[in-house]
Amino acid sequence: MLFRIFIRSFVFLLILFIFSGCSSKRYVYNGNNNTGRSTAKIKNSSNMHRATMRPYTVLGKRYYPTKVSIGDSFSGISSWYGPNFHNKLTSNGEYYNMHAMTAAHKTLPMNTMLRVTNLENGRKIVVRVNDRGPFVKTRIIDLSNEAAHRIDMVKKGTAPVRIDVIGFNGVLGSSAGTTKSVVMGNYAVQIGAFRNKDGAYRYARKYKNVRGRYSSKVVQGHKDGIALYRVYLVGFKSEAEARDYKSNDGFRGSFIVRE
C-alpha cells in the first residue's frame, strides 16, 4: 500500500515538474497562429540579418533596408501572395508557407513583428516579416494567403492597411535581442572640410537636398589648434546604405563616419 502511494506521488511530482518547466520556455512567433506563442525555430542568425539589410535593386529601383522601433506605424496598400510561391525560399532562407502568418516587406528587418489592420473592416492580425516585396510602387506589404484571409481581403486582392511594429526576432512586445549590431543608424558621409567657415556653408548649401532623402550639415572641429569646418551628408539609416552611396557619389576623398 505504501509502495503504491509512493509511486503515485512520484508520478504526480514528475508531471508537475515537466509542466512547470515547459511554462518557463521563451515563446517565439513562427507565424502559424495569431497569439505569438509557438516554440518553432525561425531563421534569425546575425549573418542572415547582415545579408538582408544590404541595399538591393529590383526592377531598376534601389531599396535601403532600415531599422525601426516598436511603436512605429505606416499606412498604405496591402496585397497577398499564395499558391504560386508555396514552399519556395523566402529572403531570410525559410520556405514560404501560404498557411502561416507571415509577410513580405521591402525594407523592414527580417523577423520584425507587425500588427496589420485592414482599414476597411477593422480586422487585425499579427504577422512576422520573412521575405522581401511587394515590388509594386503603391503597395507596402505582401501578406501570406492565410493572413489575407483573416482580414478578409483575398477576394478583393488588395486593401488599405495600417502596420504597427510590435516586436522583433519573432518575439512580441519586446525589443530584446534586436539586430542593433547589424542595423545601426546615424551614419554620415563627409564630403568636404574647410578652414573657412563661409566656404563650408556655401558648399553645404549646394547639397542641402540630395535624392530627396539626404541633407547636408556643417560641424565645427579643430585640427592642429585651428578651427576646421567639416561638411557631412546625413540621413543614412545604415552603414551599408552610406557605403552604397559613397561608392557612387563622385566626391573625391569622401568617407563614412558615425555621428
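**Rings and buried residues**

Q: Is Tyr 63 buried or exposed?
A: The relative accessible area of Tyr 63 is 9%. This is a predicted model, where local features need pLDDT of at least 70 and side-chain atom pairs pLDDT 80 or more, while totals for chains, interfaces and linings use all residues. Residues are numbered from 1 along each chain as its sequence is written, and side-chain values use heavy atoms, without hydrogens and water. Buried is under 20%, exposed over 50%, partly exposed in between (1.4 Å probe, protein chains only), so Tyr 63 is buried.

Q: How are the ring planes of Tyr 63 and Phe 135 arranged?
A: The whole structure holds 10 aromatic pairs. Rings of Phe, Tyr and Trp (its six-membered ring) pair when their centres lie within 6.5 Å; planes under 30 degrees apart are stacked, over 60 edge-to-face, the rest tilted. Here the centres are 5.5 Å apart and the planes meet at 55 degrees, so the pair is tilted.

Q: How many residues apart are Tyr 63 and Phe 135?
A: Strands (E, at least two residues) and helices (H or I, at least four) are DSSP runs, numbered from the N terminus. Tyr 63 belongs to strand β2, and Phe 135 to the loop between β6 and β7. The pair links distant parts of the chain, and its separation in residues is 72.

Q: Which residue lies over the face of Tyr 63?
A: A charge sits over a ring if NZ of Lys or CZ of Arg is within 6 Å of the ring centre and within 35 degrees of the ring normal. At 5.5 Å from the ring centre of Tyr 63 lies Lys 61.

Q: Which residue of β12 is the bridge partner of Phe 194?
A: Strands pair if DSSP finds at least two bridges between them. β10 and β12 run antiparallel, joined by 7 bridges. In β10, 6 of the 8 residues are buried, so the strand is largely enclosed by the rest of the structure. Phe 194 is partly exposed, at 23%, and its bridge partner is Tyr 229.

Q: How far is the backbone nitrogen of Glu 120 from a polar side-chain atom of Asn 118?
A: Asn 118 is in strand β5 and is buried, at 1% relative accessible area. Beyond four places in sequence, its contacts (heavy atoms within 4.5 Å) include Arg 123, Asp 152 and Pro 160. Between the backbone nitrogen of Glu 120 and the polar side-chain atom of Asn 118, the distance is 2.9 Å.

How values were computed:
A polar contact is a pair of N or O atoms within 3.5 Å; within protein, one must be able to donate a hydrogen and the other to accept it, and residues adjacent in sequence count only if both atoms are side-chain atoms.
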